[in-house]
Amino acid sequence: LPATTGTILDTNSALVSSKLTGALPAISGANLTGIASGGLTLISTLSTSGATSYSTGTISFTGYKLVQIWTDIVTHNGSGGNQRLQMTTNGGSASQLGNGDIPAVDTVMSQTTFDLSNGSFLSMMRVNPTISGLPATFTGGAKNPGFTTSTTSIVFNWSAGATFDGGTIKIYGLK
């Protein structure tokens with residue numbers, strides 16, 4: 001027994017956290033409760049340069065509540081004039097991201113969020129004109145392109161067939 005006054009702990013005792021001092025051993029979090037899980041999971045990344053379309057290939061949104069598509073400085077070569085950035089899910093009809101015609105000299109940065117539980121969505125697009133004055137912002141979109149948990153592929157292209165010159169498209173899921 002210890003040579004000091006105190007309480008000896010046994011299997012029926014509670015350990016008071018305020019009494020813990022010094023270096024503590026590593027603990028597993030496997031049995032912790034009340035901890036929120038989730039966060040965004042990167043599902044697909046497309047580097048867009050040199051082709052007229054890009055596909056995610058086979059993907060699955062099973063178990064996800066939201067899907068977010070981010071475009072980062074996506075550009076086109078200007079073939080065919082102004083373009084609209086489009087996406088097609090599961091081989092269906094093309095839907096545009098945002099609602100503006102994008103000249104070749106501009107870059108597109110956007111975030112589109114799809115709620116898989118009810119089909120609602122929000123698309124925000126910022127176009128950075130490198131020649132003209134102030135940046136333009138577009139919101140909304142032509143229609144919800146039918147994202148569901150059974151979406152299996154997404155293809156991105158420009159409305160008049162231009163070639164992507166650069167940028168990145170990332171697709172995230174939130175469980």
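**How many aromatic pairs does a search of the whole structure find?**

The search finds 4 aromatic pairs. Rings of Phe, Tyr and Trp (its six-membered ring) pair if their centres lie within 6.5 Å; planes under 30 degrees apart are stacked, over 60 edge-to-face, and the rest tilted.

One of them joins Phe61 and Tyr64, with 6.5 Å centre to centre and 85 degrees between the planes, which makes the pair edge-to-face.

Before going on: this is a predicted model, where local features need pLDDT of at least 70, side-chain atom pairs count only at pLDDT 80 or more, and totals for chains, interfaces and linings use all residues. Residues are numbered from 1 along each chain as its sequence is written, and side-chain values use heavy atoms, with hydrogens and water left out.

**Exercise 1. Decide whether Phe61 and Tyr64 are buried or exposed.**

Step 1. Take the cut-offs: buried is under 20% relative accessible area, exposed is over 50%, and partly exposed lies in between (1.4 Å probe, protein chains only).
Step 2. Phe61 has 0% relative accessibility, so Phe61 is buried.
Step 3. Tyr64 has 12%, so Tyr64 is buried.

**Exercise 2. Describe the pair of Trp70 and Tyr172.**

Step 1. Read the geometry: the centres are 6.4 Å apart and the planes 75 degrees, an edge-to-face pair.
Step 2. Strands (E, at least two residues) and helices (H or I, at least four) are DSSP runs, numbered from the N terminus.
Step 3. Check Trp70: at a relative accessible area of 36%, Trp70 is partly exposed.

**Exercise 3. Find which strands pair with E10.**

Step 1. Two strands pair if DSSP finds at least two bridges between them.
Step 2. E1 (residues 40-47) pairs with E10 (residues 164-174) in the antiparallel sense over 7 bridges. Here Thr45 stands opposite Lys170.
Step 3. E3 and E10 also run antiparallel, joined by 9 bridges. Asp72 has Thr168 in E10 as its bridge partner.

**Exercise 4. Locate Gln83 and its contact.**

Step 1. Gln83 is in the loop between strand E3 (66-76) and strand E4 (85-89).
Step 2. Gln83 counts as buried because its relative accessibility is 0%.
Step 3. Its side chain reaches the backbone nitrogen of Ala160 at 2.8 Å.

Terms used
A polar contact is a pair of N or O atoms within 3.5 Å; within protein, one must be able to donate a hydrogen and the other to accept it, and residues adjacent in sequence count only if both atoms are side-chain atoms.
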